[in-house]
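Please look over the sequence and the structure shown below before reading on. The notes that follow are grouped by topic.

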Amino acid sequence: QVQLVESGGGLVQAGGSLRLSCAASGRTFSNYAMGWFRQAPGKEREFVAAISWSGGTTNYRESVQGRFTCSINKAKNTVYLQMASLKPEDTAVYYCAADPLSPIYWSRYDFIARSDYWGQGTQVTVSS
């Protein structure tokens, strides 16, 4: 049984930093990319960042480029999202995902519907 378990969310002031972690288990992920989506109250879930298992390919939504960094520790089957210069508009529940699709396609319109592996989410709240 595949499990993706997020941790590291919390409350932070604007301009602060947080690091989210997602530990994956239950199968071999060497042919998978891993990454992050987020969903704010009343809004649709949106792509944030993704990374290939090798770490050689990454993709970020434009609004987080230069502030967020996605990395992977293959030995621990864990993907991280280092978030810096946080803004109130970054407030959301952040979800980890795993999928065979290359990170460059994770922002496509049908990704959420077709992807099977999701974590339970972790809340990030940025106060102004």
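How far is the sulfur of Cys70 from the closest cysteine sulfur, and in which residue does that sulfur lie? The model is a predicted one, and in it the sulfur of Cys70 is 8.6 Å from the closest cysteine sulfur, which belongs to Cys96, and this is too far for a bond. A disulfide requires two cysteine sulfur atoms within 2.5 Å.

**The disulfide**

- The structure holds 1 disulfide, and this disulfide joins Cys22 to Cys96, with a distance of 2.0 Å from S to S.
- Cys22 belongs to strand β3 (residues 18-25) and Cys96 to strand β9 (residues 92-99), so the pair ties together parts that are 74 residues apart in sequence.
- The disulfide is left-handed, because the torsion about the S-S bond of Cys22 and Cys96 is about -80°.
- Cys22 is buried, with a relative accessible area of 0%, and Cys96 is likewise buried, with a relative accessible area of 0%.
- Cys70 also counts as buried, at 5% relative accessibility.

**The open sheet**

- Strands of a sheet pair through backbone hydrogen bonds, either parallel or antiparallel.
- In this model 4 strands form an open sheet in the order β1-β3-β8-β7, and their pairing is antiparallel.
- The edge strands are β1 (3-7) and β7 (68-73), each of which pairs on one side only.
- Ignoring direction, neighbouring strands of this sheet are turned by 15° against each other on average.
- Strand β3 pairs with strand β8 (residues 78-83) in the antiparallel sense over 6 bridges, and Leu20 stands opposite Leu81 in β8.
- Strands β7 and β8 run antiparallel and are joined by 6 bridges, and Ser71 stands opposite Tyr80 in β8.
- Between β7 and β8, which form a hairpin, there are 4 residues, and Asn77 in the turn has a positive phi of about 50°.

- Arg67 is placed in the loop between β6 (58-60) and β7, and Arg67 is buried, with a relative accessible area of 12%.
- A polar atom of the side chain of Arg67 lies 3.0 Å from the backbone oxygen of Ser63.
- Leaving aside residues up to four places away in sequence, Arg67 touches Gln82, Met83, Ala84, Ser85, Leu86, Lys87 and Asp90.

**Aromatic rings**

- A search of the whole structure finds 9 aromatic pairs.
- The rings of Phe37 and Phe47 form an edge-to-face pair, because their planes are at 75°, with their centres 5.7 Å apart.
- This pair links distant parts of the chain, since Phe37 is in strand β4 (residues 33-39) and Phe47 is in strand β5 (residues 46-52), 10 residues apart, and both Phe37 and Phe47 are buried.
- Phe37 and Phe111 form a stacked aromatic pair, with 5.3 Å from centre to centre and 10° between the planes.
- Phe37 lies in strand β4 and Phe111 in helix α1 (residues 111-114), so this pair ties together parts that are 74 residues apart in sequence, and both Phe37 and Phe111 are buried.
- Phe37, Phe47 and Phe111 belong to one aromatic cluster that also includes Trp106 and Trp118.

Key. Residues are numbered from 1 along each chain as its sequence is written. This is a predicted model: local features need pLDDT of at least 70, side-chain atom pairs count only at pLDDT 80 or more; totals for chains, interfaces and linings use all residues. Side-chain values use heavy atoms; hydrogens and water are left out. Helices (H or I, at least four residues) and strands (E, at least two) are DSSP runs, numbered from the N terminus. Buried means under 20% relative accessible area, exposed over 50%, partly exposed in between (1.4 Å probe, protein chains only). Two strands pair if DSSP finds at least two bridges between them. Axes are lines fitted to C-alpha atoms, for helices over the stretch in contact, and angles run from 0 to 180 degrees between N-to-C directions. A polar contact is a pair of N or O atoms within 3.5 Å; within protein, one must be able to donate a hydrogen and the other to accept it, and residues adjacent in sequence count only if both atoms are side-chain atoms. Contact means heavy atoms within 4.5 Å. Rings of Phe, Tyr and Trp (its six-membered ring) pair if their centres lie within 6.5 Å; planes under 30 degrees apart count as stacked, over 60 as edge-to-face and the rest as tilted.
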